[in-house]
Amino acid sequence: MSADLNVVGQSVERSDGIGHVTGRTRFFGDRSFPGMLHLKMVRSPLDHARIIGIDLTDAERVSGFVRALTASDVPHNLYTILGLIGVEPEEEFVLAEDRVRFKGEAIVAIIAESEAAALEAVSKVHLDLEELPAVFDVEEALRPGAPIVTSWGNNTFMYEGHPCRRVRLGDVEAAFERADHIVEGVYNTSPIEQAPVETTGCIAVPEANGRYTVYTNTQALYFSLDNTAIILQVPGNRLHFVGGTVGGGFGGKVDVIVEPIATLAAMKTNRPVRFAYSRSEEMQVSSTRSAWRIYIKDGISRDGHIIARKVTSYADSGAYSRQTPYALTKHAANAAGPYAIPNVSIDAYCVYTNRQPTSAMRGFGVTMASFALEVQMDKIAERVGVDPWTIRFINAYRNGDMKPHRKLAEDATLIETMQAAAALVGHVLPDDLRAMTSAPRDAGPDGGRD
Amino acid sequence: MARLRGTGMAAVNYPTGMNLGGDPSQALIHATTSGSFVVSLSATDLGQGLKTVIGQIAAETLGVEFGEIVVDTADTDTGPHDMGTFASRATHRVGNAVIAAATEARQALLDVASEELEAAVEDLEIDGHGNLMVKGVPSRSVRVADIAALAQFKYGRTIAGRGSYMKPKSIVDPETGAMDPDSTEAHACTVAEVEVDTETGEVTVLSIRSAYEVGRQVNPALVAGQIEGGAWMGMSHALYETTAPYYPAVDHSPRDFSEYLMPGTLEMPIVESVILEMPSSNGPYGVKGLGEMTANSPIPAIVNAIYHATGVRIDELPVTPEKILRGLDAMAHASS
């Protein structure tokens with residue numbers, strides 16, 4: 001810690017710690033309001049189907065049933081979460097219209113006096129569905145003739161006319177020609193659940209002044225408020241979002257799924273409405289981390305320098321893209337790793353399938369790149385005949401290096417971090433690696449390479 | 001059959017923050033009559049301790065004790081705009097907004113003190129403990145709390161500040177991918193040690209030892225908490241978790257924690273770390289951000305350690321006992 005700082009750098013006791021360990025921290029779910037109703041969703045039992053009909057007759061007879069909402073009740077039913085930062089097109093339905101694209105997709109919202117009544121009414125909604133062929137694998141979804149999930153004729157998110165986010169630096173094919181070694185790998189990762197202790201949820205409360213207060217555990221209050229205003233076509237000033245401590249997010253609470261429909265339900269009933277995911281909804285319906293398939297081809301010189309890296313990545317977005325297009329962009333910017341590689345080509349595809357949608361999760365597009373690259377680095381070390389530390393040191397990026405996405409490296413400290421880790425575990429580095437720093441390379445005919 | 005030990009390493013960068021959409025954070029600060037300062041935000045605390053570190057940053061900039069800061073978060077009627085708590089961005093971006101707001105509030109405080117003490121603003125200092133004084137003249141010292149009260153009751157002034165932090169939106173070039181998508185780069189290097197039971201395919205992680213370069217630690221205890229949690233999460237990701245055990249098949253997806261595997265406390269390995277502080281040029285007091293990356297480097301380090309232990313390369317997460325046993329079988333067949 002710097003000597004001229006007083007409290008930054010000190011382990012002061014966390015201001016909310018006592019509340020957390022004594023159970024007095026208030027979460028959204030601790031609130032209750034007189035007359036509060038409960039919302040539960042009728043969900044698609046099929047992975048891909050045309051909706052022929054919805055019969056609410058038996059559901060409406062359930063004691064405690066208040067009302068149902070379908071797609072036609074939602075003012076702006078087709079939306080995209082990232083529309084707020086200019087991402088197009090609008091592609092996801094708050095409530096399904098003519099087609100369901102994944103098992104678990106919301107079709108009808110049931111509002112009832114109790115959670116039990118809502119669940120009973122949900123079980124009595126009769127759906128007439130015509131099953132459609134479905135696709136579940138990122139590469140199968142790209143083959144000609146694959147079932148089409150989207151409304152625009154192919155299964156990729158389009159990046160300004162390209163089916164993938166591209167990064168190009170130098171000429172990888174020419175560098176592969178002159179490389180002494182080629183190392184290729186394909187890496188697969190499973191979708192996983194953010195698994196916060198507190199499931200996603202909110203309570204929307206009509207106020208006497210015509211506004212709606214929404215108590216929510218979103219990770220991004222204004223993001224949720226602004227999207228809700230768009231979906232409900234109301235001025236933002238009619239909405240008041242209140243958060244607080246969130247019981248874990250890990251990216252699982254940035255999708256704006258519960259607030260718009262709960263607020264609509266509060267508007268239609270003029271009563272407080274609670275909509276909270278069960279654990280099974282959290283696991284089977286709400287977004288997970290994407291499954292990834294990452295192909296890496298590296299060209300390496302005899303002395304261990306990576307001279308070319310080509311990465312083709314597929315992230316399984318599921319039926320809707322949510323935050324995944326953004327994750328692919330972040331992935332593409334980092335898919336060459338913290339290494340100085342003069343020739344790089346990256347194609348990162350956001351692919352639609354008939355799976356549960358995927359979205360943000362801790363490490364957003366980078367975690368899976370780090371896994372694939374760091375396993376690949378060990379394979380390269382083995383091929384070249386050096387140890388895992390050496391291969392990373394000789395390829396480590398330094399300040400002033402041009403990264404593949406044409407950002408000059410600043411704040412690079414990979415070398416120093418590896419030196420500290422080696423010291424921590426008692427791994428003795430040779431003198432030349434111990435003497436390295438992340439300081440800018442000296443200019444020279446070889447571009448300052450070692 | 002045997003228990004085989006192996007060691008693996010991994011080194012990663014982590015780009016913190018995002019600005020493909022601009023991603024601003026804003027903060028407001030005002031003094032109460034008793035000389036406390038209320039920091040108003042709409043950013044949410046996810047349990048990582050945002051309220052605490054923001055209070056520390058505000059106290060540091062204002063020159064008052066941490067206990068004098070009240071952080072009021074997560075209300076869109078009272079807190080100014082914030083893009084959200086994600087991308088390891090909150091300490092960095094909200095912190096910068098809070099420094100800006102606290103600097104303006106501090107200036108307002110010094111302006112009142114300048115009149116009250118009949119001294120030039122440049123000659124005044126605040127000592128970090130709530131005392132405001134003429135530099136080098138300890139006898140001419142007042143409490144910040146007294147100036148805050150005088151501002152309201154004698155001078156009719158507000159002691160307040162506004163702060164915003166935004167890195168301009170970066171437009172990605174669709175042909176080359178040229179972009180500036182982040183705030184700064186944090187780094188980690190992890191060495192993992194595992195033991196693999198070749199009879200059952202089970203992996204025991206013995207230790208996860210890491211170095212992290214985080215720019216600046218605001219609160220070392222909270223940094224340590226992130227590291228412990230991240231080590232657990234990375235290990236869980238490497239060895240246990242999946243919502244689609246046989247991707248692309250859609251069956252066998254879990255519904256609750258009895259079907260969704262995660263390590264428990266008994267599986268928690270030794271976690272040791274060292275922290276490097278090499279301040280970033282654009283973070284509050286040099287902060288880079290830490291949250292997400294602590295879960296990243298343990299994953300490849302563990303997978304590399306399994307290879308080192310067994311000779312089985314598994315390029316597919318999670319590395320389940322089934323995959324290890326199949327790999328050992330394939331290796332035995334290949335050599336026989």
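This is a predicted model: local features need pLDDT of at least 70, side-chain atom pairs count only at pLDDT 80 or more; totals for chains, interfaces and linings use all residues.
**Figure 1. Overall view of chain A, with its twelve helices and 17 strands.** The C-alpha atoms of chain A fill a box of roughly 80 × 65 × 35 Å, taken along the principal axes. Among contacts in chain A between residues at least 6 apart in sequence, 77% join residues that are at least 24 apart.

**Figure 2. The two domains of chain A and the contact between them.** Domain 1 is made of residues 28–132 and 195–277, and domain 2 of residues 165–192 and 288–412, so that each domain is assigned as two segments of the chain. Taken over C-alpha atoms, the centres of domain 1 and domain 2 of chain A are separated by 37 Å. To the contact between them, domain 1 of chain A contributes 16 residues and domain 2 of chain A contributes 17 residues. On the side of domain 1 that touches domain 2, the residues divide into six nonpolar, four polar and six charged.

**Figure 3. The contact between chain A and chain B.** Here 93 residues come from chain A and 95 residues from chain B. Helix H11 of chain A, residues 414–425, gives the most to the side of chain A that touches chain B, with eight residues. That side of chain A is made up of 42 nonpolar, 30 polar and 21 charged residues.

**Figure 4. A strand pairing that joins chain A to chain B.** Strand E10 of chain A, residues 181–189, pairs in the parallel sense with strand E12 of chain B, residues 316–317, and two bridges link them. Within this view, Asn188(A) stands opposite Glu316(B), which belongs to E12(B).

**Figure 5. A right-handed β-α-β unit in chain A.** The unit is made by strand E12(A), helix H5 of chain A (residues 221–232) and strand E13(A). Strand E12 of chain A, residues 212–216, and E13(A) pair in the parallel sense over four bridges, and Val214(A) stands opposite Phe241(A) of E13(A). In a regular strand the side chains alternate between the two faces of the sheet. Strand E13 of chain A, residues 239–242, is covered on both faces, with Leu239(A) and Phe241(A) buried on one side and His240(A) and Val242(A) buried on the other.

**Figure 6. An open sheet of three strands in chain A.** The strand order is E6-E2-E8, and the pairing is antiparallel. Strand E6 (99–100) and strand E8 (126–131) of chain A stand at the edges with a single partner strand each, and therefore one side of each is left without a neighbour in the sheet. Strand E2 of chain A, residues 49–55, is joined to E8(A) by six bridges, the two strands running antiparallel, and Ile51(A) stands opposite Leu129(A) in E8(A).

**Figure 7. Helix H1 of chain B and the residue that follows it.** Helix H1 of chain B, residues 50–62, has 13 residues and reaches 18 Å from its first C-alpha to its last, which is close to the 18 Å expected at 1.5 Å a residue. Because 13 of the 13 residues of H1(B) are buried, the helix is largely enclosed by the rest of the structure. Just after H1(B), Gly63(B) takes a positive phi of about 90°.

Notes. Residues are numbered from 1 along each chain as its sequence is written. Chains are lettered from A and ligands numbered from 1 in the order in which they are written. Two residues are in contact if their C-beta atoms, placed from the backbone, lie within 7 Å. Ala, Val, Leu, Ile, Met, Phe, Trp, Tyr, Cys and Pro count as nonpolar, Asp, Glu, Lys and Arg as charged, and the others, Gly among them, as polar. Two strands pair if DSSP finds at least two bridges between them. The expected span of a helix is 1.5 Å times one less than its number of residues. A residue is buried if 20 or more other C-beta atoms lie within 10 Å of its own, exposed if 12 or fewer, and partly exposed in between; C-beta atoms are placed from the backbone. A crossover is right-handed if, with the strands pointing away from the viewer, the path from the first strand over the helix to the second runs clockwise.
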